[in-house]
Amino acid sequence: MSRKASISRKTNETAVSVTVNIDGTGTSKISTGVGFFDHMLDQLSRHSLIDMEIETKGDLHIDDHHTVEDTGIAIGQAIAKALGDRRGITRYASLDLAMDETMTRAAVDLSGRPFLVWNVAFSAPKIGTFDTELVREFFQALAQNAGITLHIQNIYGANNHHIAETCFKSVARVLRTATEIDPRQQGRIPSTKGSLA
């Protein structure tokens with residue numbers, strides 16, 4: 001079973017093209033025009049082992065908001081499409097991820113029901129030129145459009161770059177585990193309801 005999907009999304013604000021391969025090796029080709037965001041998406045791909053090709057052209061002359069949010073929407077839609085009815089997946093995962101002085105926890109349920117719990121605070125409004133509030137906007141768009149319940153909690157940390165990066169890396173790692181095929185499921189949908197949604 002191939003778990004690959006492509007999504008193209010065009011509005012007056014952005015044009016986004018995303019291809020994902022859930023069963024990849026974490027290779028990526030990413031171009032959004034926002035350097036820090038590209039770096040974070042590379043981490044998402046590398047540590048989830050989901051291959052990602054992402055190209056976004058957005059209204060960066062205004063700010064980065066539409067580019068980040070719409071990229072999150074398209075990635076979420078591509079992941080949902082690639083997972084299909086989610087038959088045989090592990091479904092749940094959680095992880096505490098350390099990076100230097102920072103610790104961030106992520107937990108996911110690939111339930112088909114979108115929900116984000118965000119317990120992350122930044123001490124500055126920007127990392128370089130990147131608005132720190134856009135980290136939450138990305139994960140909100142991702143969770144909503146992938147149909148996943150996602151909890152992210154920064155337990156402690158001082159460096160805002162590290163806080164943001166641990167959010168992306170921890171989410172990547174839980175996606176890697178939760179999307180894996182569980183051989184003991186024997187191809188069943190992992191729900192007593194018989195469907196995920």
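Colleague: At what angle do helix α1 and helix α4 pack?
Modeller: Bear in mind that this is a predicted model, where local features need pLDDT of at least 70, side-chain atom pairs count only at pLDDT 80 or more, and totals for chains, interfaces and linings use all residues. Residues are numbered from 1 along each chain as its sequence is written, and side-chain values use heavy atoms, leaving out hydrogens and water. Helix α1 covers residues 35-48 and helix α4 covers residues 160-179 (helices are DSSP runs of H or I with at least four residues, strands are runs of E with at least two, and both are numbered from the N terminus). Their axes (lines fitted to C-alpha atoms, for helices over the stretch in contact, with angles from 0 to 180 degrees between N-to-C directions) are 7 Å apart, and the angle is about 30 degrees.

Colleague: So is α1 roughly parallel or roughly antiparallel to α4?
Modeller: Angles under 35 degrees count as roughly parallel, over 145 as roughly antiparallel, 65 to 115 as roughly perpendicular, and the rest as oblique. The angle here is about 30 degrees, so α1 and α4 come out as roughly parallel.

Colleague: And which residues of α1 make the contact with α4?
Modeller: Contact means heavy atoms within 4.5 Å. On the α4 side you'll find His161, Ala164, Glu165, Phe168, Lys169, Val171, Ala172, Arg173, Leu175 and Arg176. The α1 side has Phe36, His39, Met40, Leu41, Gln43, Leu44, His47 and Ser48.

Colleague: How many residues of the contact of α1 with α4 are nonpolar?
Modeller: The classes go like this: Ala, Val, Leu, Ile, Met, Phe, Trp, Tyr, Cys and Pro are nonpolar, Asp, Glu, Lys and Arg are charged, and the others, Gly among them, are polar. Five residues are polar and four are charged, and the nonpolar count is nine.

Colleague: Is Gln43 buried or exposed?
Modeller: Gln43 sits in helix α1, and leaving aside neighbours within four places in sequence, Gln43 touches Glu165, Lys169 and Ala172. The cut-offs are under 20% relative accessible area for buried, over 50% for exposed and partly exposed in between, with a 1.4 Å probe and protein chains only. At 10% relative accessibility, Gln43 is therefore buried.

Colleague: What about helix α2 and helix α3: how do their axes cross, in degrees?
Modeller: Helix α2 spans residues 65-83 and helix α3 spans residues 133-146. Their axes come within 7 Å, and the crossing is at roughly 30 degrees.

Colleague: Is the crossing of α2 and α3 left-handed or right-handed?
Modeller: These two are roughly parallel to each other. A crossing is left-handed if the near helix is turned anticlockwise from the far one by less than a right angle, and right-handed if clockwise. For α2 and α3 the answer is right-handed.

Colleague: Which residues in α3 does α2 meet?
Modeller: α2 brings His65, Val68, Glu69, Gly72, Ile73, Ile75, Gly76, Gln77, Ile79 and Ala80. By class, the contact has 10 nonpolar, five polar and two charged residues. From α3 come Leu134, Glu137, Phe138, Ala141, Leu142, Asn145 and Ala146.

Colleague: Over to the strands: which side chain is joined to Thr104 by a polar contact of 2.6 Å?
Modeller: Thr104 is found in strand β6, residues 102-109, and is buried, with a relative accessible area of 0%. A polar contact is a pair of N or O atoms within 3.5 Å; within protein, one must be able to donate a hydrogen and the other to accept it, and residues adjacent in sequence count only if both atoms are side-chain atoms. The partner at 2.6 Å is Thr166.

Colleague: Asp109 lies in a strand as well, so which side chain does Asp109 make a polar contact with?
Modeller: Asp109 also belongs to β6 and is buried at 12% relative accessible area. Leaving aside neighbours within four places in sequence, its contacts are Arg91, Tyr92, Ile148 and Thr149. The polar contact, at 2.6 Å, is with the side chain of Arg91.

Colleague: What is the phi of Arg91, in degrees?
Modeller: Arg91 is in the loop between α2 and β5 and is buried at 7% relative accessible area. Most residues other than glycine have a negative phi. Arg91 is not a glycine, yet its phi is positive, about 80 degrees.
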